[in-house]
Amino acid sequence: MSDANGSGTAVAVPATGAGSPRDGSASGYLPRHTLPLAVEIVRQFKRRRTLVMFGLLLALPWILVVAFQVGAGSGQPTGTLRISDLATEGGLNFAAFALSVSAGFLLVVAVALFCGDTVASEASWSSLRYLLAAPIPRDRLLRQKLVVAMGYSAAAVICLPLMALLAGTLAFGWNDVRVPGTGETIAALDVLPRFGVVIVYALISQFVVAALAFLLSVSTDSPLGAVGGAVGLVIVSNILQAVEALGSLREFLPTFWNTAWLDALAPQPEYGGMIKGVAVSVTYSAILVALAFRRFRRRDVVS
C-alpha cells in the first residue's frame with residue numbers, strides 16, 4: 001500500500017494483517033498461555049523420582065510402626081522422657097516423633113530434589129533451549145517451575161506427618177499427648193490445632209533449602225550437583241550450629257530454629273523461637289530466589 005506526500009512522492013506503508021501484533025509476534029500468541037501449570041504438574045508427576053520419593057515418605061511411618069512393634073520392650077529406660085520414648089503413647093506422639101526424625105534429613109532431601117532437579121534436568125536433557133524457543137518467556141518458565149516445585153515440596157512435607165498421624169492412631173490409639181522431658185499430659189484435641197501449626201512451620205523452615213536448590217538448578221546442568229549443594233548447606237549449618245563459640249551468631253544459621261516447633265507442643269506453648277525461625281527462613285529464601293531469577297535472565301542456555 002502507498003500514500004502520497006506533499007511532494008507527490010509515493011511513500012510505502014507496510015501492510016499488516018488485521019490480527020497481527022505490532023511487536024512482530026505470531027497472531028494469537030499470548031505469553032501467559034505458555035507452559036500452563038497443569039502441564040508442568042503432570043510432567044513432574046510422571047517423573048520416576050517423584051513417585052519414588054512420595055512412596056518412601058508415605059511408607060516411612062508404617063516402617064516405623066513395624067519397628068516399634070518388633071522392638072517393643074527392648075529399649076533401655078532413661079532418666080528423662082525423650083520424644084522417642086513417648087512415640088507409642090498415641091497418634092499425635094507418634095506423628096511428632098516421625099516428624100522429628102525426618103525433618104533433619106529426609107524432608108531436606110525431598111525438598112532439594114524437587115527444587116534442585118526442576119530446571120537442571122531440563123538443561124541436562126538439552127530440552128531447556130527448546131522450551132524457550134516455543135517461545136516461553138524466561139521469567140514465566142522459571143515462575144511455573146518454581147510454583148510446581150514448591151507445590152510438590154509442600155506436599156512432601158505435609159504428607160509425612162499426616163500419614164504418621166494416621167498410622168500412629170491405628171497402631172497405638174488416639175490418646176492424650178505426653179510431653180517429652182516432663183511427661184505431662186495434654187488433651188489431644190487441644191494439641192491438634194498446634195500440630196497443624198507445627199506442620200506449617202516445618203514447611204517454612206525448608207524454604208531456604210528449596211531456594212538454594214532452585215538457585216543452583218538454574219546455574220548448572222547437573223541435577224545431582226544442585227540437590228547435593230542444598231543438602232550440603234544443611235550439613236554445614238548443623239556443624240556450625242554445634243560451635244558454641246559462635247554465640248548468638250548461630251541464630252542466623254538457616255537450621256538453628258528448625259526444632260523450635262517442639263515449644264508449640266509444651267503445656268504452655270511458646271512461639272517466640274518459631275517467629276524468629278520464620279523471619280530467618282523467609283529472608284534467606286527471598287534473596288536466593290531473587291538471585292535465581294537474575295541469574296536465569298542472563299544465562300546462555302544455548303552453550
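Visitor: What should I know before we start?

Guide: This is a predicted model, where local features need pLDDT of at least 70, side-chain atom pairs count only at pLDDT 80 or more, and totals for chains, interfaces and linings use all residues. Residues are numbered from 1 along each chain as its sequence is written, and side-chain values use heavy atoms, with hydrogens and water left out.

Visitor: How many helices and strands does the protein have, and what makes a helix or a strand?

Guide: There are 11 helices and 4 strands. Both are DSSP runs, numbered from the N terminus: a helix is H or I with at least four residues, and a strand is E with at least two. Ser285, for one, sits in helix H11, which covers residues 272–298.

Visitor: Why is Ser285 called buried?

Guide: Buried means under 20% relative accessible area (exposed is over 50%, partly exposed is in between, with a 1.4 Å probe and protein chains only). Ser285 has 9%, so buried it is.

Visitor: What does the side chain of Ser285 have 3.0 Å away?

Guide: A polar atom of that side chain lies 3.0 Å from the backbone oxygen of Val282. A polar contact is a pair of N or O atoms within 3.5 Å; within protein, one must be able to donate a hydrogen and the other to accept it, and residues adjacent in sequence count only if both atoms are side-chain atoms.

Visitor: Which residues does Ser285 touch, leaving aside neighbours within four places in sequence?

Guide: Those are Phe207, Val208 and Ala211. Contact means heavy atoms within 4.5 Å.

Visitor: What makes helix H9 "mostly covered"?

Guide: Of the 11 residues in H9 (207–217), 9 are buried. Val208 and Ala211 are among them. The buried residues of H9 pack against helices H4, H5, H7, H10 and H11.

Visitor: What makes Arg138 count as lying over the face of Phe296?

Guide: The rule wants NZ of Lys or CZ of Arg within 6 Å of the ring centre and within 35 degrees of the ring normal. Arg138 lies over the face of Phe296 at 5.7 Å from the ring centre.

Visitor: How many disulfides are there, and how do you know?

Guide: A disulfide is a pair of cysteine sulfur atoms within 2.5 Å, and by that rule the count is 0. Cys115 is at 0% relative accessible area, so that cysteine is buried. Cys159 has 14%, so Cys159 is buried as well.

Visitor: How much of the whole protein is buried?

Guide: Of its 303 residues, 42% count as buried. Also, among contacts with a separation of 6 or more, 76% are between residues 24 or more positions apart.
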